[in-house]
Amino acid sequence: MTLSREHCLQLDTEDSLQTLREHFVLPAGEIYLDGNSLGARPVKALARAHEVVEQEWGNRLIRSWNEAGWWNLPVTVGDKIGQLLGAKPGEVILTDSIGVNLFKVLSAALGLRPERRVIVMEGSNFPTDNYIACGLVEQLGGAYEIKFVEEEQLAAAINEDVAVVCLTQVHYRTGRVLDMASITALTQAVGAISIWDLSHSAGALEVDLNGCNADFAVGCTYKYLNGGPGSPAFVFCAARHQGKALQPLTGWWGHAEPFAFEPDYRPAPDIRQMLCGTQSAISMAIAEVGVDIFLTTSMAAVQAKSRALTDLFIDLIDQRCSGLGFEVDSPRDATKRGSQVALSHEQGYAIMQALIARGVIGDFRAPHTLRFGFAPLYLRHTDVWDAVEILVQIMTDGAWQNASFEKRNAVT
Ligand SMILES: Cc1ncc(COP(=O)(O)O)c(C=O)c1O
């Protein structure tokens, strides 16, 4: 079928999520296709930040740790995130960054399999996960071997020597989805522990952590969950491991009774043991605003729209950009794709800068990847159409060849 803007308009009128766009601030004249990196700002985030800073902090000062629920925000917001991920109350906590949380859960998971010495990871994963694992292994005296494999070699690598299989569900570059249920089952069949990085899953697709019997997971709130730049990450620890799987950053927030100020550390018997120290109340409060919007819909609806938008984008690239040098690097089967599409092009960096200059905001991952994220809560089918229209324009009028688009920024 030849696609048209009218058809996209029709799809927008039929979209069950269309009213959710009103909950976000989106600059006029721009199409924001980078919600997979930094989500858009919820309208209410500003008022909430104002309330926390002016009233809770300004007027009530230290009393707000109790009165405004600051102390419990890691758990209360964690439980809300858990609802989006198929976790039970008390299995998810909001805290720290993904990297720090990965350090914690990987340490805890290794502690559950003390007789085993192998960790399986994906070599092409977002580097921080692999850096953190290498750092931990070094810290442990190099007594572990990390097998870095790619998707096709995973099944062969998972054997009875393996302590932990630590993977990212949606690949940061291509958006490819790993089958969490079957890989977790394979992992547990050999007696190993599974850890899932849900950075590009939370708020983008239906995740069922308990349905998959996952052991541990980590993820962030600043991407699809729209929690704000640098907003806290989360940890999932299955109820069956709590009190047994202990993380080594034994700060006072993870103590069984922080305000007993005991001389020795006693681990909290529940998800709170995944905490280390004082968390930013302002950041947690703003993150909650982003998460709350998801609680007004269902992840099934979000995933369906994500697939519709990314399918539409790929179809339009096929129909309108053939011969322009683009390759689609993301899976074409929507069930195997997150909410992003990667295109590769020899001149990818300059093309992305030219797109940004014309108001289509995506990002670039060296050496050749143009990444486009499709946040289902605030993007329309017509945005997808218009973005591809602008891409066609800059390719045909040669705008991307302007020398200024070659200049590399620190953040790409
Ligand atoms: C898969 C994955 N893990 C981790 C991170 C970043 O982790 P952190 O919150 O520690 O910066 C990213 C960032 O985009 C990511 O894509």
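# Terms and cut-offs in a predicted model

Mentor: Trp57 lies in helix H2 (residues 43-59), where a helix is a DSSP run of H or I with at least four residues, a strand is a run of E with at least two, and both are numbered from the N terminus. This is a predicted model, in which local features need pLDDT of at least 70 and side-chain atom pairs count only at pLDDT 80 or more, while totals for chains, interfaces and linings use all residues. Residues are numbered from 1 along each chain as its sequence is written, and side-chain values use heavy atoms, with hydrogens and water left out.

Trainee: Is Trp57 called buried, partly exposed or exposed, and what makes it so?

Mentor: Buried means under 20% relative accessible area, exposed means over 50%, and partly exposed is in between, with a 1.4 Å probe and protein chains only. Trp57 has 47% relative accessibility, and therefore counts as partly exposed.

Trainee: Which residues form a nonpolar patch with Trp57, and what makes them a patch?

Mentor: The patch on the surface consists of Val53, Trp57, Leu61 and Ile62, which together have about 430 Å² of accessible area. A patch is made of residues with over 30% relative accessible area and no salt bridge, like charges being joined within 9 Å and nonpolar side chains (Val, Leu, Ile, Met, Phe, Trp, Tyr) within 5 Å. The areas come from the Shrake-Rupley method with a 1.4 Å probe, and for residues only the protein chains shown count as cover.

Trainee: How many disulfides does the structure hold, and how do you know?

Mentor: The structure holds 0 disulfides. For Cys134, the nearest cysteine sulfur is that of Cys166, 11 Å away, whereas a disulfide is a pair of cysteine sulfur atoms within 2.5 Å, so Cys134 is in no disulfide. Cys212 is in no disulfide either, its nearest cysteine sulfur, again that of Cys166, being 16 Å away. As for accessibility, Cys134 counts as partly exposed because its value is 34%, and Cys212 counts as buried because its value is 14%.

Trainee: Why is the pair of Lys80 and Asp292 called a salt bridge?

Mentor: A salt bridge is a side-chain nitrogen of Lys or Arg within 4 Å of a carboxyl oxygen of Asp or Glu. The N to O value for Lys80 and Asp292 is 2.7 Å, so their side chains meet the condition. This pair links distant parts of the chain, with Lys80 in helix H4 (residues 73-85) and Asp292 in helix H9 (residues 281-294), 212 residues apart. Side chains of opposite charge can pair when their charged atoms come close.

Trainee: Are Arg371 and Asp363 buried or exposed, and how far apart are their closest N and O atoms?

Mentor: The closest N and O atoms of the salt bridge between Arg371 and Asp363 are 2.8 Å apart. Both Arg371 and Asp363 are buried.

Trainee: What is noted about phi of Asp96?

Mentor: Phi of Asp96 is near 50 degrees, a positive value in a residue other than glycine. Asp96 is placed in the loop between strand S4 (92-94) and helix H5 (98-112), and its 22% relative accessibility makes it partly exposed.
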